[in-house]
Amino acid sequence: MALKNGTDIQLRIAGTWVAAETDTSLSMAADMLDATTKASASAAKEYLVGETGGTITCTGLYDPSQTQGGNDIITLLQARAVVAIVWGEATTAVKLFSCSGFISGVTINGPKNDVASYSVDIQITGVVAESSI
């Protein structure tokens, strides 16, 4: 079994690795279409798989001077444009997931007596494909 250190998994938005990232996740799901009829065996529900989609989330330490930190990502959100996304290991010759997405949310948090942080939510649009650097 080839386990991965989560530290190696990173997010790239619009060609630049996200700054000061502390956590990222990719979540994929498929719509389940209810295909149950009166004739379904033993009154058991039946399903078909419908469309698929997903989201990506990322959190990091907030530094306004960093490229692709909280401030730059807010600019991408305000542009309302689709951006290129790469999610996976940030090393060469490694398979990654590539897709397009919209920045759907950005939060910058300034807690008392703690490091400022940010979080980003991305709505994937279209197909998620395996690729490599």
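How many disulfides does a search of the whole structure find? I ran the search and got zero. My cut-off was a pair of cysteine sulfur atoms within 2.5 Å.

**Ground rules.** I am working on a predicted model, where local features need pLDDT of at least 70, side-chain atom pairs count only at pLDDT 80 or more, and totals for chains, interfaces and linings use all residues. I number residues from 1 along each chain as its sequence is written, and side-chain values use heavy atoms, with hydrogens and water left out.

I checked Cys58 next. The nearest cysteine sulfur to Cys58 is that of Cys99, 13 Å away. Cys99 is likewise in no disulfide. I then looked up burial, taking buried as under 20% relative accessible area, exposed as over 50% and partly exposed as in between, with a 1.4 Å probe and protein chains only. Cys58 is buried, at 2% relative accessible area. Cys99 counts as buried too, because its relative accessibility is 10%.

**Sheet.** I took helices (H or I, at least four residues) and strands (E, at least two) as DSSP runs, numbered from the N terminus. Two strands pair if DSSP finds at least two bridges between them. Strands of a sheet pair through backbone hydrogen bonds, either parallel or antiparallel. Here I find seven strands in an open sheet, ordered E2-E1-E5-E6-E7-E4-E3, with antiparallel pairing. Strand E2 (16-17) and strand E3 (21-34) stand at the edges; each has a single partner strand, so one side of each lacks a neighbour in the sheet.

I went through some of the pairings.
- E6 and E7 run antiparallel and are joined by 13 bridges. Ser98 stands opposite Ala129 in E7.
- E4 and E7, also antiparallel, share seven bridges. Leu61 has Ser117 in E7 as its bridge partner.
- E5 and E6 pair in the antiparallel sense over six bridges. Gly88 faces Leu96 in E6 as its opposite residue.

**Core.** I defined a nonpolar core as a set of buried Ala, Val, Leu, Ile, Met, Phe, Trp, Tyr and Cys residues joined through side-chain atoms within 4.5 Å. Which residues of the largest nonpolar core touch the most other members? They are Leu11, Ile13, Ile56, Ile85, Ile103 and Ile122, out of 17 residues. At least two core residues come from each of E1 (9-13), E4 (47-61), H1 (70-79), E5 (83-89), E6 (95-109) and E7 (117-132). E7 gives the largest share, four residues.

I listed contacts, meaning heavy atoms within 4.5 Å. Leaving out residues up to four places away in sequence, Ile122 touches, among them, Leu11, Ile13, Ile56, Ile85 and Ile103.

**Gln68.** Beyond neighbours within four places in sequence, its contacts include Ile13, Trp17, Ile73, Leu76 and Tyr118.

**Rings.** I paired rings of Phe, Tyr and Trp (its six-membered ring) with centres within 6.5 Å; planes under 30 degrees apart count as stacked, over 60 as edge-to-face and the rest as tilted. I got one aromatic pair. Trp87 and Phe97 are tilted, at 6.3 Å centre to centre and 40° between the planes. Trp87 sits in E5 and Phe97 in E6, 10 residues apart. Trp87 is buried at 15% relative accessibility, whereas Phe97 is partly exposed at 32%.

Last, I looked for charges over rings (NZ of Lys or CZ of Arg within 6 Å of the ring centre and within 35 degrees of the ring normal). Arg12 lies over the face of Trp17, 4.9 Å from the ring centre.
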